[in-house]
Amino acid sequence: MPNEAWGKVREELIKRVGSNNYKTWIEPLRLSDLKNGVARFEVPTTFFGDWVSRNFSDHIRGQLAKAGNPVDRIEFSVAQAARPAVKRAETIGQSPAAPVAARRLPLRNGSADEVAGAQLESRFTFDSFVVGKPNELAHAAARRVAEGGPVTFNPLFLYGGVGLGKTHLMHAIAHELQQKRPDLRVLYLSAEQFMYRFVQALRDKQIMDFKELFRSVDVLMVDDVQFIAGKDSTQEEFFHTFNALVDQNKQIVISADRAPGEIKDLEERIKSRLQCGLVVDLHPTDYELRLGILQSKVEHYRNQYRGLTLSPGVLEFLAHRITTNVRVLEGALMRLYAFASLVGREIDLDLVQECLSDILRTSEKRLSIEEIQRKVAEHYNVRLSDMIGPKRLRTIARPRQVAMYLCKQLTSRSLPEIGRRFGGRDHTTIMHGIRKIDELMAADSQMADDIQLLKRLLQS
Ligand code: ADP
Ligand code: MG
C-alpha cells in the first residue's frame with residue numbers, strides 16, 4: 001500500500017527538512033507506485049521533480065528504508081491531473097483586454113511543448129507569404145532561422161509598421177520548425193503575454209516555474225516587444241531570460257514596430273542586446289508586392305467562391321489605392337468576394353466603389369509635396385520654380401512657408417525630406433517656416449482662412 005507507507009514517512013520528513021520545505025516540496029508529492037526498488041512520485045512540474053530529486057531524495061530514501069521500504073531509485077512524473085484541461089482555449093485568446101485571471105497559464109506542467117503552437121495561425125506559413133523587394137531580407141532571414149541549423153545571428157530582430165507581415169513571418173518560422181525539427185521546443189508569444197505570465201507567476205508564487213519554462217525552450221519568439229517598454233520589472237525578467245537563452249546558444253526571434261534604438265523607455269542594455277544580432281526591417285509595401293499578395297489571395301478564393309468572376313483591373317485598382325496596410329488590403333478583397341456572392345454580381349470596379357467606399361476614402365491617394373507646392377503657387381500667383389528657388393522676397397517667401405507648413409501637415413514626410421524638396425533647404429529652415437505660419441495663423445485670421453481653404457482644395 002504505497003500511500004500508507006508514505007503517510008508515515010511524510011511525518012518523519014517534516015522533522016528532517018523543516019516545515020517550510022515540507023509544505024513547499026514534500027506535501028505536494030504523490031506516491032503513485034512503490035515496487036521493485038523504485039518509488040515513483042507524481043509532481044506538478046518537471047522543474048519541481050528535479051528540485052526534489054536534487055535536494056531531498058536522500059532524505060526520502062532514508063525514511064522509506066526506515067519504514068521498511070528500501071528503494072534504489074526515486075522517479076518523478078508530471079501528474080496528469082495537474083495539466084490544465086483546456087490549455088488551448090486558455091492561451092489562444094489574444095485580446096489584450098482579457099482579464100489576467102482568464103489567462104491561467106499552463107505553467108503547472110512546466111513544459112514548453114504544451115504552450116508551443118497554441119496561438120499559431122495556420123494560414124501564416126512561408127507558402128502563403130508573398131515575397132517582394134520590401135520584405136525580401138526579412139523573409140530570407142526568417143527562412144534561415146526556420147532551417148533550425150546552428151544559430152548564426154541572435155536575436156533575429158524584425159521590425160516594421162503595422163500589418164507588414166511580422167507576425168506572419170514568426171508563425172511561419174514556428175510552423176516550419178515544428179515540421180523540420182520536432183525535437184526543438186519552440187515557444188511563440190507576444191510581449192504582452194510574456195508580461196501577463198510573468199505577473200501571474202509572481203502572484204501565484206510560481207516564479208521558479210516561469211523561469212524554468214522560459215529557460216528550457218530552444219527557440220523563443222516574442223512578438224511586438226515594444227509593449228514592454230516602460231514596464232520595468234517585466235523588462236528586467238525579459239533581459240534575464242534573453243541572456244540565459246543567448247548564453248545557451250538558443251535562437252531568439254523578436255519583432256517590434258520600430259528599430260531597437262527607437263523604442264522609447266526601453267532600457268539601454270536591452271536595446272544594445274537586441275542590436276547584437278541581425279536587425280532587419282520590413283519596408284512599406286510597393287505596388288508590385290500588393291498586387292502579388294492580392295493575386296495569391298484570389299487563387300485561394302477561386303475555390304471557395306466558384307462562379308464569381310473578377311473583372312480585369314480590379315486588383316490593380318486595389319493595389320494602387322490601398323497602400324498602407326496589408327491587413328486592410330486583404331480585408332477589402334474578402335469583403336468584395338463576400339458581397340459579390342451575396343448579391344450574385346461579378347466583381348468589377350462599380351462593385352468596388354459601392355462596397356469599399358469607406359476604405360477607399362480613408363486610403364485617399366496620398367498628397368505629394370509637389371502637388372502641394374503647385375497648388376500653393378497657384379493660389380498666391382507665384383511661379384512654381386520660385387517655391388523651390390532662393391528668392392527671399394516676402395511675396396515669395398511667405399507662400400513658400402505656407403507650402404512647407406502644409407507639407408508637414410498633410411504628408412508623412414520628415415523635415416529633412418521636405419527640406420530637400422524645397423531646393424535642398426536645411427530642416428531648421430523648414431521648422432522656422434512652419435513656426436512662422438503657426439504664429440501668423442494665431443495672429444491673423446486671413447492667414448488661418450487661407451490655410452483652411454488650401455487644405456480643402458488639396459484634400460478634395
Ligand atoms: P504585423 O504583425 O506586421 O502587424 P501581420 O503579420 O499580422 O502584420 O500581417 C497582417 C496581414 O497581412 C496578415 O493577414 C498577413 O497574412 C498579411 N500579409 C502581410 N504581408 C504579407 C505577405 N508578404 N504575403 C502574404 N500575406 C501578407
Ligand atoms: Mg503582429
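**The sheet from E4 to E8 and its surroundings**

Modeller: Five strands form an open sheet in the order E5-E6-E7-E4-E8, with parallel pairing. At its edges stand strand E5 (186-190) and strand E8 (278-281), each with a single partner strand, so one side of each lacks a neighbour in the sheet. On average, neighbouring strands of this sheet are turned by 15 degrees against each other, direction ignored. Strands (E, at least two residues) and helices (H or I, at least four) are DSSP runs numbered from the N terminus, and two strands pair if DSSP finds at least two bridges between them.

This is a predicted model, in which local features need pLDDT of at least 70 and side-chain atom pairs count only at pLDDT 80 or more, while totals for chains, interfaces and linings use all residues. Residues are numbered from 1 along each chain as its sequence is written, chains are lettered from A and ligands numbered from 1 in the order in which they are written, and side-chain values use heavy atoms, with hydrogens and water left out.

Within the sheet, strand E4 (residues 156-159) pairs with E8 in the parallel sense over 4 bridges. Leu158 stands opposite Val280 in E8. Helix H8 packs on the sheet, where H8 touches E5 and strand E6 (219-223); the direction of H8 makes about 95 degrees with that of E5. Contact means heavy atoms within 4.5 Å. Axes are lines fitted to C-alpha atoms, for helices over the stretch in contact, and angles run from 0 to 180 degrees between N-to-C directions.

H8 (residues 191-203) also meets helix H10 (residues 232-247): their axes come within 10 Å and cross at roughly 100 degrees. H8 and H10 are therefore roughly perpendicular to each other; that term covers 65 to 115 degrees, with angles under 35 counted as roughly parallel, over 145 as roughly antiparallel and the rest as oblique. From H8, Phe194, Met195 and Phe198 contact Ser233, Thr234, Glu237, Phe238 and Thr241 of H10. These residues divide into 4 nonpolar, 3 polar and 1 charged, where Ala, Val, Leu, Ile, Met, Phe, Trp, Tyr, Cys and Pro count as nonpolar, Asp, Glu, Lys and Arg as charged, and the others, Gly among them, as polar.

The axes of helix H6 (residues 136-146) and helix H7 (residues 166-180) come within 9 Å and cross at roughly 25 degrees, which makes H6 roughly parallel to H7. H6 passes H7 in a right-handed crossing; a crossing is right-handed if the near helix is turned clockwise from the far one by less than a right angle, and left-handed if anticlockwise. Ala138, His139, Ala142, Arg143, Val145 and Ala146 of H6 meet Leu169, Ile173, Glu176, Leu177 and Lys180 of H7. This contact comprises 7 nonpolar, 1 polar and 3 charged residues.

For helix H12 (residues 287-304) and helix H13 (residues 314-321), the axes come within 9 Å and cross at roughly 135 degrees. H12 is therefore oblique to H13, and the crossing is right-handed.

As to confidence, the protein averages a pLDDT of 85, and 89% of the residues score at least 70; pLDDT is the predictor's confidence in each residue, from 0 to 100.
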